[in-house]
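Dear colleague,

Here is the structure that I promised to hand over, with its sequence. Please open both, and then read my notes below beside them.

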Amino acid sequence: MLRPKKVGTLPVGDGSDEVKQTNEITFAPKLLDTLPIENKDITSDALHTQTEFARYLVEQRKAHYYFSVKGNQPTLLDDITTYFSNDSRLADYEDKVSVGHGRIEIRRIWVTSELSEYVLFPHVAQVYRIEREITDKKSGKTSLATAYGVTSRTKKDADPKTILYKVRGHWSIEVSHYIIDWVFDEDRSTIRTGYGPENMTRLRRFAIGLIKSKVEKGISKKMRQLNKNTRAVLDYLKITKNTRRPCAA
C-alpha cells in the first residue's frame with residue numbers, strides 16, 4: 001500500500017490557521033490515520049522506533065509493528081545485543097542462497113521472546129537478530145552484516161521465517177530510497193522551497209523508473225554514462241531524429 005506524503009506543516013488546532021513545522025517522526029501517525037491498518041503489519045527503519053509510535057500502532061490502531069533497532073534506542077539495542085552475544089545456538093531459520101549483482105548472500109535469523117517482559121519498550125513480543133553473509137563472487141571475500149529488531153507479533157502469529165520475510169520486504173523499499181540518494185545525492189539537495197523538492201523527487205523517480213524499465217541492473221553505471229551528455233540522453237530516450245521510429249504514412 002503506497003501513500004507518499006509531503007512532510008511539512010500541520011495545523012495547530014481545529015479551525016485555526018496557525019501551523020507548526022513537523023518531521024517524519026511526528027507525521028507518521030497522521031499519514032496512517034488515513035489508512036485501514038487494523039491487524040496489519042507496519043515495518044519501519046530505526047528512525048520510527050519510538051515508544052509513542054509503538055503505542056499508537058498497537059493501542060489506538062490495533063496494528064502490529066516490525067521495528068529496526070539502532071543507536072537511537074541505546075538501552076533497547078544494548079539489551080538485545082547482550083542477549084544474542086550470549087546465545088550460541090544455531091540460527092532459527094536460514095534462507096536459500098541468493099545470487100545477484102555479483103554476490104552470494106545467505107540470511108540467517110535468531111528470534112526470542114525471553115526479553116518481552118524485560119525490555120523497556122511498548123508491546124514487544126519478540127526480538128530478533130538477522131545476519132547477512134555476503135560473498136563477492138569475483139574476489140571471494142566474505143563480509144557479515146548484522147541487524148536487530150523488535151516486533152509486537154507473538155510466536156503464534158510470526159515464526160522466524162515470517163519475520164525474516166517481513167524485514168526483507170521492508171529492505172526492498174529501502175533499496176529504492178538508497179538508489180535515489182546514491183545516484184542523485186538527494187539528501188544533500190539544496191532545493192528546499194515551494195514545490196521544488198517534491199517536483200524534483202518525482203523527476204528523479206521517473207528517471208530511475210525509466211532506466212529500470214530498459215536495463216535489468218547497473219542503474220548507477222547507466223546514469224554515469226548519461227551524466228553530462230545531453231545527446232546520449234536524447235538517444236537513450238529515442239527522441240532524436242535518427243533514433244525515432246518512422247511514422248506510418
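Which backbone nitrogen does the side chain of Ser152 reach at 3.0 Å? It is the backbone nitrogen of Tyr65.

Before going further, please keep in mind that this is a predicted model, in which local features need pLDDT of at least 70 and side-chain atom pairs count only at pLDDT 80 or more, while totals for chains, interfaces and linings use all residues. Residues are numbered from 1 along each chain as its sequence is written, and side-chain values use heavy atoms, with hydrogens and water left out.

Ser152 sits in the loop between strand 9 (142-151) and helix 4 (160-184), where helices (H or I, at least four residues) and strands (E, at least two) are DSSP runs numbered from the N terminus. Its relative accessibility is 7%, so Ser152 counts as buried; buried means under 20% relative accessible area, exposed over 50%, and partly exposed in between, with a 1.4 Å probe and protein chains only. The side chain of Ser152 also makes a polar contact of 3.0 Å with the side chain of His64. A polar contact is a pair of N or O atoms within 3.5 Å; within protein, one must be able to donate a hydrogen and the other to accept it, and residues adjacent in sequence count only if both atoms are side-chain atoms. If neighbours within four places in sequence are left aside, Ser152 is in contact (heavy atoms within 4.5 Å) with Val58, Ala63, His64, Tyr65, His123 and Ala125.

Val58 in turn belongs to helix 2 (residues 51-60), where Phe53, Ala54, Tyr56, Leu57 and Val58 are buried. Just after helix 2, Lys62 takes a positive phi of about 55°, and this residue is found in the loop between helix 2 and strand 4. Asn39 likewise has a positive phi, of about 65°, although it is not a glycine, and at 49% relative accessibility Asn39 counts as partly exposed.

In helix 3 (residues 74-85), which has 12 residues, the buried ones include Leu76, Asp79, Ile80 and Phe84. Seen down the axis of helix 3, its buried residues fall within an arc of 120° (taken from the directions from the helix axis to the C-beta atoms), so they line one face of the helix. Pro74, Thr75 and Ser85 are exposed on the other side of helix 3, whereas its buried residues are covered by elements including strand 4 (64-69) and strand 9.

Terms used:
The expected span of a helix is 1.5 Å times one less than its number of residues.
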